[in-house]
Amino acid sequence: MNILFIGDIVGKIGRKALKENLSFIKNKYHIDFTIANGENISNGRGISLNHYNFLLDEGIDAITLGNHYLDKKEELELFKNYDEIVLPLNSKSEYIEDIPFLKRSKEFIVNDIKIKVTSILGKAFMKEEVNDPYLSLATLVAKDNSDIHIIDYHAEASGEKEAMVYAFKGEISALIGTHTHVQTKDARIIDKETFYITDVGMCGDYNGILGYEVDSVIKRQVLGKNNVLLTLKDDGVRLFNGVILSFDDLSFKPLNINSLYIVSEKRNKKENN
Ligand SMILES: [Fe+2]
Ligand SMILES: [Fe+2]
């Protein structure tokens, strides 16, 4: 069983990076199931119904989100009923409080194998008020009977992500960090039991800042303005980040983790001729 996990897709250029890489990767690595983080897919903030449909059309099986999952509130009613959307398990938001805790984690059946996908928001340096990530995951894991359980741990702090994977090693199949948009070089298997990477990275503009337009990020982060971060058009250099998790088909034990960092060079009209 080979599972592909794709990092936060940022805006139009992120969608282009996905489109130009996905079918090649799926064929080359014999991917059975694909998860993508879609929290930034619609102009950098949230996910619209239109882009939800785009991801399904491209062959994504499960969509995790993150701290931006409520940015398109007008779509949320629809997402509550869509099986492919995985909402944050430990969110305290009033907008999803009517969705039972256990239903926020989703189970998918692939070749008779039960794959559970769960999204959790971290605590450190995050603005959102959340229920305790450890207690939330412990409650879920205690009732889990899946064969493979993949956690998207959406958090800022690397120490928090490492602590969580060691706390749950052997009880979950993988803890994949998201949110920082920068891929870390620490993809590994913890004690032969659980896949881990501190951050899988993003799909977006290679020459932006975390996928956003440089000047708008400098204004906000360096100069302290309260401006909106802009996303870029799709004509720049594209970055595609993901990890491939290979499991033993009988024991569902982790065999190999392969991180993908693919840069598509910009091609001008002359090169295309
Ligand atoms: Fe995020
Ligand atoms: Fe993100």
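How many bridges join strand 8 to strand 9? There are five, and the two strands run parallel. Keep in mind that this is a predicted model.

- Strand 7 (residues 113-121) pairs with strand 8 in the parallel sense, over seven bridges. Here Lys116 has His149 of strand 8 as its bridge partner.
- To get from strand 7 to strand 8, the chain goes through helix 5 (residues 133-142), making a right-handed β-α-β crossover.
- Strand 9 covers residues 174-178, and its Ala174 is the bridge partner of Ile150.
- Another right-handed β-α-β unit is built from strand 8, helix 6 (residues 158-168) and strand 9.

- Zooming out, six strands line up as 6-7-8-9-11-10 in an open sheet with mixed pairing.
- The edges belong to strand 6 (106-110) and strand 10 (188-190); each has a single partner strand, so one side of each has no neighbour in the sheet.
- From one strand to the next, the twist averages 25°.
- Helix 6 packs on this sheet and touches strand 8, strand 9, strand 10 and strand 11 (194-197). The direction of helix 6 makes about 170° with that of strand 9.

Methods:
Residues numbered from 1 in each chain as written. Chains lettered and ligands numbered in written order. Predicted model: local features only at pLDDT ≥ 70, side-chain atom pairs only at ≥ 80, totals over all residues. Pairing = 2+ DSSP bridges. Helix = DSSP H or I, 4+ residues; strand = E, 2+ residues; numbered from the N terminus. Right-handed = clockwise from strand over helix to strand, strands pointing away. Axes fitted to C-alpha atoms, helices over the stretch in contact; angles between N-to-C directions. Contact = placed C-beta atoms within 7 Å.
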